[in-house]
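Please look over the model below before reading on.

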Amino acid sequence: MSDQPSSNDPIDVRTVLAVSMDQFAALAWQRMGMQSDTFTGKIHKDIAQAKLAIEACSRLSELIEAELDESDRRQVQNLIRDLKVNFVEQSK
């Protein structure tokens, strides 16, 4: 049997949390002014919104981290670390 969900299976909450975490991370990069806005194509730097997006991403990671394998856990931890380090740099 395959471990892949079928199209008839309900969406797993952990999957939604992981996707949401990716979206908040993308927003954080955008609001730090390090990537252009997905919709406008322009840079919109807003440090307060970047901080909120990073905090949301970090909290979501706490909910799913225990169920990740070591490689994925390390990848999530590196993402959160990179966001926070870059936030400090962009806040100067």
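Which exposed residues does the face of H2 turned away from its buried side carry? In this predicted model, that face carries Ala48, Lys51, Leu52, Arg59, Glu62 and Leu63, which are exposed. The buried residues of H2, by contrast, are Ala50, Ala53, Ile54, Cys57, Ser58, Leu60, Ser61 and Ile64, and because they cover an arc of only 165 degrees around the axis, they lie on the same side of H2. What covers these buried residues includes H1 and H3.

The length of H2 can be checked as well: its 18 residues, at 1.5 Å a residue, should span 26 Å, and this agrees with its end C-alpha atoms, which are 26 Å apart. At the N-terminal end, H2 is capped by aspartate 46, a side-chain oxygen of which lies 3.3 Å from the backbone nitrogen of alanine 48.

The largest nonpolar core has 17 residues, and Met21, Met32, Ile54, Cys57 and Leu83 are those with the most contacts inside it. At least two residues of this core come from each of helix H1 (13–31), helix H2 (47–64) and helix H3 (70–91), with H2 giving the most, six residues. Leaving aside residues up to four places away in sequence, isoleucine 54 touches Ala28, Met32, Leu83, Lys84 and Phe87.

Helix H1 also holds glutamine 30, which counts as buried because its relative accessibility is 6%, under the 20% cut-off. The side chain of glutamine 30 makes a polar contact of 2.7 Å with that of threonine 38, and, again not counting residues up to four places away in sequence, glutamine 30 touches Gln35, Ser36, Asp37, Thr38 and His44.

How values were computed: Residues are numbered from 1 along each chain as its sequence is written. This is a predicted model: local features need pLDDT of at least 70, side-chain atom pairs count only at pLDDT 80 or more; totals for chains, interfaces and linings use all residues. Side-chain values use heavy atoms; hydrogens and water are left out. A nonpolar core is a set of buried Ala, Val, Leu, Ile, Met, Phe, Trp, Tyr and Cys residues joined through side-chain atoms within 4.5 Å. Buried means under 20% relative accessible area, exposed over 50%, partly exposed in between (1.4 Å probe, protein chains only). Helices (H or I, at least four residues) and strands (E, at least two) are DSSP runs, numbered from the N terminus. Contact means heavy atoms within 4.5 Å. A polar contact is a pair of N or O atoms within 3.5 Å; within protein, one must be able to donate a hydrogen and the other to accept it, and residues adjacent in sequence count only if both atoms are side-chain atoms. The expected span of a helix is 1.5 Å times one less than its number of residues. The arc is that of the directions from the helix axis to the C-beta atoms.
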